[in-house]
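These are my notebook entries on a single chain. I record what I looked up and the criterion behind each term.

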Amino acid sequence: MAEVALGGSAEEISLEEVGLRCEVDGEIATITLDRPEKRNAQTFATWSALAQIGDGLPQQVRIVVIRGEGPSFSAGIDLRMFTPEGVPGQGPFATSATFDEAAFAERVARAQRGFLWLRRPDIVSVAAVQGHAVGAGFQLALACDLRVLADDAKLCMKEPALGLVPDLTGTKPLVDLVGLSRAIEICLTARVVGAREAARIGLAELVVAPEELTQAVRDLTDALLATDRDAATATKRLLQDASGRTLEEQGAAEAREQAKRVKALFGQAVPPDRA
Ligand code: CAA
């Protein structure tokens, strides 16, 4: 297992300094939120580092697992960001006296880059969640394609209770997974969703005992790696785009992707019965 080499730019972020680890073992990259003493609270630097990992992901990687060290997956945004001093070296979340809307929008967009790459069609991202996944922690789990939960997992979209909105790309996957009414209820009450309920309403693919979480994720990633890489990428692309298309458009997209697969598998000639 190798620590991943990232980027190489002058601005390269030290993962250790921001409380992250990234290990690559063949086709699997495992990103660990590694600040358990602070329940893996996240800062702007965490999100920049996540984006940096995405940018530098070795080409052979097909699976990205995101996990948290310690009792909680992540307690969300580092609450020091809401103090006037902010996190040392990063400043506060915002200051009302000097609030610059354009600069803030740019900062949020930069933070969101840390989450958006997890949907790339050429990888499958899996969140392994134990304990609390609050706010930014819940949104990080939602940014992944799949979620495996320990049965002690507690998901909470805390932002509205703090006078804020979830802005780390979590609202769309939440609505896509549980529907608009349930998403409104979960967010606007900021209540805790337990693991069993999460599985029942579509927020988790699997719920296991905490001591089985690592093995359950390994079994899932083994199964995901059993399929052909290019076919998996093309199929994920089709599935991601399906909800925005009519049935006929989706059928046409399937045919286009299949022509590419057939060309790759059988050479240039498409078999006559498929032409
Ligand atoms: N930021 C900074 N430090 C945090 C933290 C956070 N979000 N969450 C926990 N910690 C720290 C605690 O201050 C404590 O530090 P000390 O030991 O130095 O006192 C340590 O982590 C352990 O915390 P607890 O003793 O509280 O741990 P617990 O296991 O009993 O409880 C918890 C876990 C329920 C997650 C609880 O820590 C908690 O409620 N944390 C705050 C959650 C929160 O409100 N997050 C913000 C959500 S909103 C968001 O993410 C996005 C946004 O606003 C835009």
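Across which strands does helix α4 lie, and at about what angle to β6 does it run? I find helix α4 (residues 136-143) lying across β6 and β8, at about 95° to β6. Angles here run from 0 to 180 degrees between N-to-C directions, with axes as lines fitted to C-alpha atoms, for helices over the stretch in contact. Contact between two residues means C-beta atoms, placed from the backbone, within 7 Å. Helices (H or I, at least four residues) and strands (E, at least two) are DSSP runs, numbered from the N terminus.

**Provenance.** I note that the model is predicted: local features need pLDDT of at least 70, side-chain atom pairs count only at pLDDT 80 or more, and totals for chains, interfaces and linings use all residues. Residue numbers start from 1 along each chain as its sequence is written.

**Whole chain.** I looked up the secondary structure and found 10 helices and 10 strands. The radius of gyration is 20 Å, close to the 19 Å of the globule rule for 275 residues, so the chain is as compact as a globular protein of that length. That radius is taken over C-alpha atoms, and the rule is 2.2 Å times the number of residues to the power 0.38. The C-alpha trace spans about 70 × 45 × 45 Å along its principal axes. Of the 275 residues, 36% count as buried. Buried requires 20 or more other C-beta atoms within 10 Å of the residue's own, exposed 12 or fewer, and partly exposed lies in between, with C-beta atoms placed from the backbone. Among contacts with a separation of 6 or more, 69% join residues 24 or more positions apart.

**Open sheet.** Three strands form an open sheet of mixed pairing, in the order β6-β8-β9. Strands β6 (132-134) and β9 (192-194) are at the edges with a single partner each, so one side of each has no neighbour in the sheet. From one strand to the next the twist averages 20°. Strands β8 (residues 154-156) and β9 pair antiparallel over three bridges; pairing requires at least two bridges found by DSSP. Within this pair, K154 stands opposite G194 of β9.

**Hairpin.** Strands β2 (residues 20-25) and β3 (residues 28-33) run antiparallel and are joined by six bridges. L20 has L33 of β3 as its bridge partner. Two residues separate the strands of this hairpin, where G26 takes a positive phi near 60°.

**Ligand shell.** Which residues are closest to the ligand? I list A41, A75, G76, I77 and G135, out of 19 residues that surround the ligand; the criterion is a C-beta atom, placed from the backbone, within 6 Å. The shell has nine nonpolar, four polar and six charged residues. Ala, Val, Leu, Ile, Met, Phe, Trp, Tyr, Cys and Pro count as nonpolar, Asp, Glu, Lys and Arg as charged, and the others, Gly among them, as polar.

N40 has a positive phi of about 55° although it is not a glycine. N40 lies in the loop between β3 and α2 (44-55) and is buried, with 30 other C-beta atoms within 10 Å. T169, likewise not a glycine, has phi near 75°. I place T169 in the loop between β8 and α5, where T169 counts as buried with 21 C-beta neighbours inside 10 Å.

**Exposed position.** K172 lies in helix α5 (residues 171-178) and counts as exposed, with 10 C-beta neighbours inside 10 Å.
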